[in-house]
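This briefing is meant to be read alongside the sequence and the 3D view. The points that follow are grouped by topic.

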Amino acid sequence: MRRDGKEGKDRASGRSQRKGQKIAGRSWIFRGAYRGRVTKRNIIWHELIGLKAKIIRASHPELVGIEGYVLDETKHTLTIVGEKVWVVPKDVVEVEFDLGDEKIRINGRDLIGRPEMRLKKRWRK
């Protein structure tokens, strides 16, 4: 309880308290208008939110097989929503992104960094 006797609005009963849980119940995921422009060469610089992802390999066995849509991305994690919401560390996984007609596998270590800062990085081609 707060000092002034009022409780915070985000702590009301019936609301989910975990990040992303409220969004996970919805059936829609924004996929963007230009998803066809993502290729194996430019996925490192591209926006990952809305792409369908599957964890292929991981150092932790419980992470393997997680499948869903990327809901959020931070410097070191991907939030994937499928049956439930998972927060997956990027540095220990290999991710496969499904772009409809093609599937792209990429090591999570290549994705480390804030999305806006990855644009500035130079990668070997």
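**Charged pairs and the sheet around them**

Lys 90 has its place in the loop between β4 and β5. The model is a predicted one, and the salt-bridge rule applied to it gives a count of three salt bridges.

**Lys 90 and Glu 73**

- The side chain of Lys 90 meets that of Glu 73 in a salt bridge, with 3.0 Å from N to O.

**Glu 94 and its two arginine partners**

- Glu 94 meets Arg 57 in a salt bridge between their side chains, at 2.5 Å from N to O.
- Because Arg 57 lies in strand β1 (residues 52–58) and Glu 94 in strand β5 (residues 93–98), this pair ties together parts that are 37 residues apart in sequence.
- Which residue is the partner in the salt bridge that Glu 94 makes at 3.5 Å, N to O? The partner is Arg 105, whose side chain meets that of Glu 94.
- This second pair also links distant parts of the chain, with Arg 105 in strand β6 (residues 103–107) and Glu 94 in strand β5, eleven residues apart.
- Through salt bridges that share partners, Arg 57, Glu 94 and Arg 105 are joined into one network.
- Side chains of opposite charge can pair when their charged atoms come close.

**Surroundings of Arg 57**

- Apart from residues up to four places away in sequence, Arg 57 touches Val 64, Val 92, Val 93 and Glu 94.
- The C-alpha atoms of Arg 57 and Val 92 are 8.3 Å apart in space, although the two residues are 35 residues apart in sequence.

**The sheet**

- Six strands form an open sheet in the order β4-β3-β2-β1-β5-β6, and the pairing is antiparallel.
- The edges of the sheet are β4 and β6, each of which has a single partner strand, so that one side of each is left without a neighbour in the sheet.
- From one strand to the next, the twist averages 40°.
- Strand β2 pairs with strand β3 (residues 77–81) in the antiparallel sense, over four bridges.
- Tyr 69, placed in strand β2, counts as partly exposed at 22% relative accessibility.
- The C-alpha atoms of Tyr 69 and Asp 98 are separated by 9.7 Å, and the two residues are 29 residues apart along the chain.

**The nonpolar core**

- In soluble globular proteins, nonpolar side chains tend to be buried together.
- The largest nonpolar core in this model has 22 residues, and those with the most contacts inside it are Ile 43, Leu 48, Ile 55, Val 88 and Phe 97.
- The elements that contribute two or more residues to this core are β1, β3, β4, β5 and β6.
- Leu 48, with residues up to four places away in sequence not counted, touches Ile 43, Val 70, Glu 73, Leu 78, Phe 97, Leu 111 and Arg 118.
- Glu 73 is therefore touched by Leu 48, given that contact means heavy atoms within 4.5 Å, and Glu 73 is also the salt-bridge partner of Lys 90.

Terms used: Residues numbered from 1 in each chain as written. Predicted model: local features only at pLDDT ≥ 70, side-chain atom pairs only at ≥ 80, totals over all residues. Heavy atoms only, no water. Salt bridge = Lys/Arg side-chain N within 4 Å of Asp/Glu carboxyl O. Pairing = 2+ DSSP bridges. Axes fitted to C-alpha atoms, helices over the stretch in contact; angles between N-to-C directions. Buried < 20%, exposed > 50% of the residue type's maximum accessible area, 1.4 Å probe, protein only. Core = buried A, V, L, I, M, F, W, Y, C linked by side-chain atoms within 4.5 Å.
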